[in-house]
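Good morning, colleagues. Please turn to the structure on the screen; I shall speak about charged pairs and then about nonpolar packing.

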Amino acid sequence: MHVSPRASRLARLVARGALAAIVAAGALSCAPLATTRRPAPIIERPPVARAPPPAPIPAPPPATLPDLTAAPVAPEAITAPIAPQVPIEAAPEVPPDTVPAPRPARRAVATSDTVALILPLEVPAYARAADAVRAGFIAAAEAAGERAKCIVIGHKEDGMLAAFEEARIRGVRVVVGPLLRDDLRTLAIADPDLPWTIALNQLDDRAPLPPSVFSFALTIEADARVLARRAHFDGVRALDVISGDPPIMRRLATAFTAEWIALGGAPPADFRFDPAPEMLIQMRRNLARAMPDAVLLAVDGNDAALVKSFIGAIPAYASGLVFERPEPAVVRDLNDVRIVEIPWLVTPDAPQFANYPRRDFGSASLDRLYALGLDAFRVSQAFGVDPPERFTLDGATGTVVLNDARQFVREGRLAVYRDGKLIPLD
């Protein structure tokens, strides 16, 4: 076929232009991107499958209060011999520098000088614990000649808010309660108008409490701080932690570690407690290699005695809040273990307790709650028209001080097991 010269030249120009476009495109794909101030994040996206349009999302139901028929969380001093342990849900992570938003100041007006004690006396799982607190509170009121000014309002599992409403209607000066953490959480969510209130527990998610609510609790974290400071004072430089799995044991280990590091100590190794003989032998070998100056026993009394028999002469620290009354054979194995315990149990013959009757509850946990009731009454007496600006009490649960966060912070008494007895340290 004959092609004219003009058509041949036109074809060559078109081919040359197409080749130039291909080369330019290749150069553009390989050229470096312009620099930016920060690199773009790499986001891995899974392959998207085409799907039919989603069904319309129904409107969410109106917000409601938590189901109060769910099993409540036990106060920290309650242990398995008293009532079955209830799992504690994990608290949401909150940045340490988060400051709760302030709430508007609202408070029910007092029309009497009455103090109301609100307890779950009609909740079977906590009736014994609540009765121990009530007994201590009434004993302190009678010793002060103030029994006539005190009322006790018991409630069922879903009756805590109604009990507070009854106290408000009566125009009480101050309320002591609630005892359970779930009830305190419900009170914080409902945020009713309240008189001055002394909660016998605390929230563990840093949620703000109503502005008229103070807290006074037997917390394991307070014991952890005391133990860390004591170990530091004793000259301990290298320290490891032996901890069990229950939430209260993990909280003890976590709070102790935080305080220990804040005091300048190196982060301790954490050994999980396992009662199997082969695991105890392995733990002893690991400790022999680590050679710590001391250990924290974040386990209960019987397990602490078992661990102590395997670690030998290594100094050990523990919290009395997770100890029940040990048997004589167990006490011998606890020799030289330093613990934080409430003065009511460490120094029962102290002069400041002479006017208070003693009850034989058959349980160290209930003894501690009785002591909490004793001190709760004395704390309530510091509230008048206004709350106290400063407060210090040498009480049955320890030295109680009011801080700036509306918390009555308690520090227990240091003691040590020696020759089968628990005696004050220093």
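Arg-338 and Asp-234 meet through their side chains in a salt bridge, with an N to O distance of 3.9 Å. Please bear in mind that this is a predicted model. Arg-338 belongs to strand β10, residues 338-341, whereas Asp-234 sits in the loop between α5 and β6, so this pair ties together parts 104 residues apart in sequence. Asp-234 is partly exposed, at a relative accessible area of 31%.

Next, consider Glu-221. Which residue is its partner in a salt bridge? The partner is Arg-251, and the closest N and O atoms are 2.9 Å apart. Because Glu-221 lies in helix α5 and Arg-251 in helix α6, the pair ties together parts that are 30 residues apart in sequence. Are these two residues buried or exposed? Glu-221 is buried, with a relative accessible area of 17%, and Arg-251 is buried as well, at 15%.

Helix α6 also holds Arg-250, 20 residues from Asp-270 of strand β7. Arg-250 and Asp-270 form a salt bridge, their closest N and O atoms lying 3.5 Å apart. Here Asp-270 is partly exposed at 37% relative accessibility, and Arg-250 is partly exposed at 23%. In total, the count comes to 19 salt bridges.

I now turn to the nonpolar residues. The largest nonpolar core comprises 52 residues, and Leu-297 is among those with the most contacts inside it. Helix α6 gives the most to this core, contributing seven residues. A second, separate core has 48 residues, among them Tyr-356 and Phe-361.

Key: Residues are numbered from 1 along each chain as its sequence is written. This is a predicted model: local features need pLDDT of at least 70, side-chain atom pairs count only at pLDDT 80 or more; totals for chains, interfaces and linings use all residues. Side-chain values use heavy atoms; hydrogens and water are left out. A nonpolar core is a set of buried Ala, Val, Leu, Ile, Met, Phe, Trp, Tyr and Cys residues joined through side-chain atoms within 4.5 Å. Buried means under 20% relative accessible area, exposed over 50%, partly exposed in between (1.4 Å probe, protein chains only). Helices (H or I, at least four residues) and strands (E, at least two) are DSSP runs, numbered from the N terminus. A salt bridge is a side-chain nitrogen of Lys or Arg within 4 Å of a carboxyl oxygen of Asp or Glu.
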